Amino acid sequence: MSVQKEIPYKIYLEESEMPTAWYNLRADMQKKPAPMLNPQTHQPATLDELSEVFCRELAEQELNVTDPYIPIPEEIRSFYKMYRPAPLVRAYCLEKYLDTPAHIYYKFEGNNTSGSHKLNSAIAQAYYAKKQGLKGVTTETGAGQWGTALSMACSYFDLDCKVFMVKVSYEQKPFRREVMRTYGASVTPSPSETTAIGRKILEAHPGTGGSLGCAVSEAVECATSTEGYRYVLGSVLNQVTLHQSVIGLETKAALDKYGVKADIIIGCAGGGSNLGGLIAPFVGEQLRGEANYRFIAVEPASCPSLTRGKYAYDYCDTGMICPLAKMYTLGCDYIPAPNHAGGLRYHGMNSMLSELYDQGIMEATTVKQTEVFQAAVEFARVEGILPAPESSHAIRVAMDEALKCKETGEKKTIVFGLTGTGYFDMYAYEKHNNGTLTDYIPTDEEIAAALAKLPEVE
């Protein structure tokens with residue numbers, strides 16, 4: 001009879017156990033996500049069309065729905081080795097604090113200079129840009145984790161990096177902005193006067209704090225009008241979720257190493273890359289009939305694309321120049337309230353996750369900002385890590401599920417993604433500590449007004 005190994009606080013994989021290939025969940029999905037559409041013709045976007053915006057190999061990954069595994073180039077694996085494999089942590093102190101019979105684990109992705117999981121895809125996208133012989137790349141960033149990660153990756157490959165940072169985050173998180181500049185990136189608050197689309201958005205929404213959709217539009221315009229540049233994105237796209245599958249692959253390998261079977265897997269959800277990366281290999285198991293899990297996407301109540309949005313084709317950006325994607329969306333014209341989880345302020349959800357949610361394979365829930373920061377503080381005090389506001393959405397729901405186990409006496413195993421640290425989010429923590437943090441929940445009328453502008457796609 002096999003005996004389960006005693007589980008340490010941190011489960012580390014050996015370097016040799018690090019994934020050698022990314023996992024493409026779409027290959028195991030019987031019903032595939034709907035294809036991206038050309039914004040002018042409304043026909044499925046071709047490789048050549050996507051290659052005008054993205055690096056060609058990344059466009060190929062975006063369109064690949066057949067290959068379950070895509071090899072990770074050795075140059076990228078070598079970079080990964082600087083901070084991967086990342087630890088899977090048993091939250092013994094949190095379990096004790098909650099007095100729950102549940103076992104709680106979190107995959108910690110903040111153990112690198114960028115402070116988050118974003119580096120997993122940033123280094124991949126910079127690698128393909130360099131391989132293509134480009135001068136540089138443009139991008140958007142919400143809270144700044146993606147911009148920070150991409151600026152690091154571009155510095156490593158000697159590429160220019162132009163970042164359009166959502167204006168409210170640009171003002172709330174000046175130190176993250178300065179990290180980007182330290183790595184050589186230029187950082188522009190969005191919407192700005194530097195692009196035609198930025199000027200148009202400012203005219204329509206004077207004084208706006210911006211959104212990820214606005215910043216995406218500006219970054220795409222900049223890339224497509226500047227020779228030798230391409231646009232790269234930190235979430236939403238399937239290629240990004242593919243790169244982030246290293247999170248789930250390592251998590252599953254660590255659990256398997258100690259004979260642990262997860263019951264509930266939880267992740268915060270903005271554009272969907274970290275959640276998709278975390279759950280991908282587990283969803284694959286379930287789709288193949290090998291295991292069953294409960295998957296929970298957690299989004300902010302101020303930007304509830306899954307729980308209150310519509311499953312329809314929509315533009316990926318506010319300026320309506322990007323391809324159309326079928327996703328759960330609040331409408332590309334929807335500009336969320338300026339909450340402090342800047343990385344979750346996106347109007348739509350990754351198309352693969354949207355399809356999983358539509359099929360009932362994944363659940364979704366929303367949490368208020370004040371509840372999120374209360375959970376963040378409690379977690380910091382007992383587990384010793386100050387979590388990012390985005391990650392704290394997953395913490396809140398993981399704690400809630402553990403408390404349900406306390407009520408029922410069920411001994412469930414809960415796994416959640418701790419996507420990054422919150423040490424550049426002290427303005428938000430200050431407001432929480434001062435009792436001035438507020439909640440905002442959009443009205444049905446606000447959401448309906450944005451959804452009314454969805455493009456008509458046959």
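**Cores and overall build of the chain**

Of the 74 residues in the largest nonpolar core, the members touching the most others are Trp22, Ile76, Tyr80, Ile265, Ile279, Phe295 and Met362. Helix H5 (residues 119-131) gives this core its largest share, 8 residues. The model is predicted: local features need pLDDT of at least 70, side-chain atom pairs count only at pLDDT 80 or more, and totals for chains, interfaces and linings use all residues. Numbering runs from 1 along each chain as its sequence is written, and side-chain values use heavy atoms, without hydrogens and water.

**Cores and burial**
- A second, separate core has 35 residues, including Val89, Val298, Ala375 and Ala376.
- A nonpolar core is a set of buried Ala, Val, Leu, Ile, Met, Phe, Trp, Tyr and Cys residues joined through side-chain atoms within 4.5 Å.
- Buried residues (under 20% relative accessible area, 1.4 Å probe, protein chains only) account for 63% of the 458 residues.

**Fold and dimensions**
- The chain holds 19 helices and 15 strands (DSSP runs: helices H or I, at least four residues; strands E, at least two; numbered from the N terminus).
- The radius of gyration is 20 Å, close to the 23 Å from the globule rule for 458 residues, so the chain is as compact as a globular protein of that length.
- That radius is taken over C-alpha atoms, and the rule is 2.2 Å times the number of residues to the power 0.38.
- Along the principal axes, the C-alpha atoms fill a box of roughly 65 × 50 × 45 Å.

**Contacts**
- Among contacts (heavy atoms within 4.5 Å) between residues at least 6 apart in sequence, 76% join residues at least 24 apart.

Note on methods
Buried < 20%, exposed > 50% of the residue type's maximum accessible area, 1.4 Å probe, protein only.
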